Amino acid sequence: MAESDMEDRSTSTMPGGLWTQPSVSVPDIGDGEVIQRITEPASLHYSYTPGRAPTRFLRGLAEGKLLGGRAEGHDAVYPGSRGMDPVAARPTVESVEVGPDATVTAFCIVHIGFGEKAPPTPFVSALILPDGAAASMYGTVLGIPYEEVRIGMRVRPVWVPEEELGLTSENITHWEPTGEPDVPAEQLKGHM
Amino acid sequence: MRDVAIVSVAQTDHRRAVPELNEVEMIQPVIQTVLEQIDAKISDIGFTCSGSSDYLAGQAFSFVMTLDAVGAWPPIVESHVEMDGAWALYEAWLKIQSGHADTALVYGYSKASPGDLPRVLSRQLDPYYYGPLWPDSVAMAGLQARAMLDKGMITEAEMAEIAHRSRTSAESNPHAQVKGSPSVDQLLAEDYLSNPLRKHDCAPVTDGGCAVVIAAGDRAREWADNPAWIRGIDHRVDSHNFGARDITRAPSAALAAEKAGVSDGQVDVAELCAPFTHQERILRNELGLGDDVEVNPSGGALAANPIMGAGLIRLGEVANRIMAGDAGRGVAHATSGHLLQQNLVAVLEGSS
């Protein structure tokens, strides 16, 4: 350690005396055990409210309906919307039912699942465009070998039994193929 | 340096809690208004910058969702700071100074109501020494007020007078959350919240936000009859180690004020972001504002304190007074961290 490090010194460009660096001193801690790691538990609790549009979406799900939101004077319907038409930057004040039949617009094969309800790996997580919607939503595609899933594949939601429907996205356990012919990729332009 | 001015300001009507709206639903009307006031579209804006915090939202990447309120398609040039919107404005000002944009939309907002704000704010502390102790923001401010009282820098009655004056001023602020105040004697008869702070010494917990448009040169003159020109803006930071500094002072505020040129002319109005009464005294000292300077005619943070928006609102309040012709030259201040650790100071001026 350089001698200058041991002295109380002013930091340059700062008003005199206000910022000084205390001299460096390392206390003697003897031969005790060196603590290299500690664990500090930390948690914060939130009472989260979803807002107007997501509330409408969740209430639709509780009735077994897939709802989207539409802004006043605009055509695009956004499923499961946070409450905005993101292109128009206007609130989606009107609820419109979309789907339930839908098209896979993108997907990935998941090899590391997480969460208690994750299906056995590998499985397919996909972006799914409900009929009548302007944007896709996330979903799991089951009922078909993962290597056979493709862009343009037609799917429909599989719901929990009616008596288990609640205000949750978990109402749709997954999506499965309808068996209809694929939608040509050109028709999905702007959605992939 | 390019001449850059604030030309449009909008803010929410601040409330203790806005449970019926999510963040994007809450801030969208403000963004729409700030553009419509000057008849502008997002395509007229060269740079967009926001200030918000995932810790307040309780959600990762929350600011990305709020971009839905801007209209980010076709793609826009956009940035975000995990700070008060005043720092987002500073980034936008730099962007314009560097010639990468002529106009900018800036906004800052939060919903503090879902969480326990004083505990959430404790996460601003360093993770090794202070953070694990979870000292809440009110208790921290109490230490600062105690240090000032012990030094004779302020009295509890003077603190109550600041609260009374701020909330009385807020009666004329349509956006304020806490308007009007009991008498100073009545305030002093209340119990302590965190000795020596009483409830009136603390800013309220607020859900809300603010948006501002800034523009350079002719574009500013086109959008506003009397733009509020940013003549100086600077921000500085003090040590996060409170044991290493005198907490009755905010040297970073003094330095930012000096660099922004606060003392280069008369100050008609000052909006200081002091979430605790005693902090207004510190800021007056550090900014060198005399007793004749009107401070916080809006009521300041004591009347409404949307975290991540309260500092930008100070800039907006000064700008509005200049654009309306009520003030010729004003000072706006924003703060971040605990105990006035980081400070931004701007000097705004009318054309004449």
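In what follows, Ala, Val, Leu, Ile, Met, Phe, Trp, Tyr, Cys and Pro count as nonpolar, Asp, Glu, Lys and Arg count as charged, and the others, Gly among them, count as polar. By that scheme, the lining of the second largest cavity divides into 4 nonpolar, 6 polar and 2 charged residues. The model discussed here is a predicted one, and a search of the whole structure finds 4 cavities of 30 Å³ or more.

**Cavities**

- The largest cavity holds about 90 Å³ of space, and the residues of its lining divide into 4 nonpolar, 4 polar and 3 charged.
- The lining of the largest cavity is made up of A:Ser47, A:Tyr48, A:Thr49 and A:Arg82, together with B:Leu21, B:Asn22, B:Glu23, B:Ala57, B:Gln59, B:Lys111 and B:Pro114.
- For the second largest cavity the space is about 60 Å³, and the residues that line this cavity include A:Ala53, A:Arg56, A:Phe57, A:Leu67, A:Tyr78, A:Thr92 and A:Glu94.
- In chain A, the elements that give two or more residues to the lining of the second largest cavity are the helix α1 (52-62) and the strands β3 (67-71) and β6 (90-97).

**Aromatic pairs**

- Over all chains, the structure holds 3 aromatic pairs, one of which is formed by B:Tyr90 and B:Trp93, a tilted pair with 5.7 Å centre to centre and 35° between the planes.
- Both B:Tyr90 and B:Trp93 lie in helix α4 (residues 85-97) of chain B, where they are 3 residues apart, about one turn of the helix, and both of them are buried.
- Another tilted pair is formed by B:Tyr130 and B:Phe242, with 5.3 Å centre to centre and 55° between the planes.
- This pair links distant parts of the chain, 112 residues apart, since B:Tyr130 is in the loop between α5 (117-121) and α6 (137-151) of chain B, while B:Phe242 is in the loop between β8 (228-237) and α10 (251-260) of chain B.
- B:Phe242 counts as buried because its relative accessibility is 9%, and buried means under 20%.

**Charges over rings**

- In chain B, the charged end of B:Arg123 sits over the ring of B:Trp134, at 3.4 Å from the ring centre.
- The charged end of B:Arg219 likewise sits over a ring, that of B:Trp223, at 4.4 Å from the ring centre.

How values were computed
Residues numbered from 1 in each chain as written. Chains lettered and ligands numbered in written order. Predicted model: local features only at pLDDT ≥ 70, side-chain atom pairs only at ≥ 80, totals over all residues. Heavy atoms only, no water. 1 Å grid on protein atoms, 1.4 Å probe; cavity = no way out; pocket = protein on both sides within 12 Å on 5 of 7 lines; lining within 4 Å. Points joined across faces, edges and corners; volume = space filled by probe spheres on them. Helix = DSSP H or I, 4+ residues; strand = E, 2+ residues; numbered from the N terminus. Phe/Tyr/Trp six-rings, centres within 6.5 Å; stacked < 30°, edge-to-face > 60°. Buried < 20%, exposed > 50% of the residue type's maximum accessible area, 1.4 Å probe, protein only. Lys NZ or Arg CZ within 6 Å of the ring centre and 35° of its normal.
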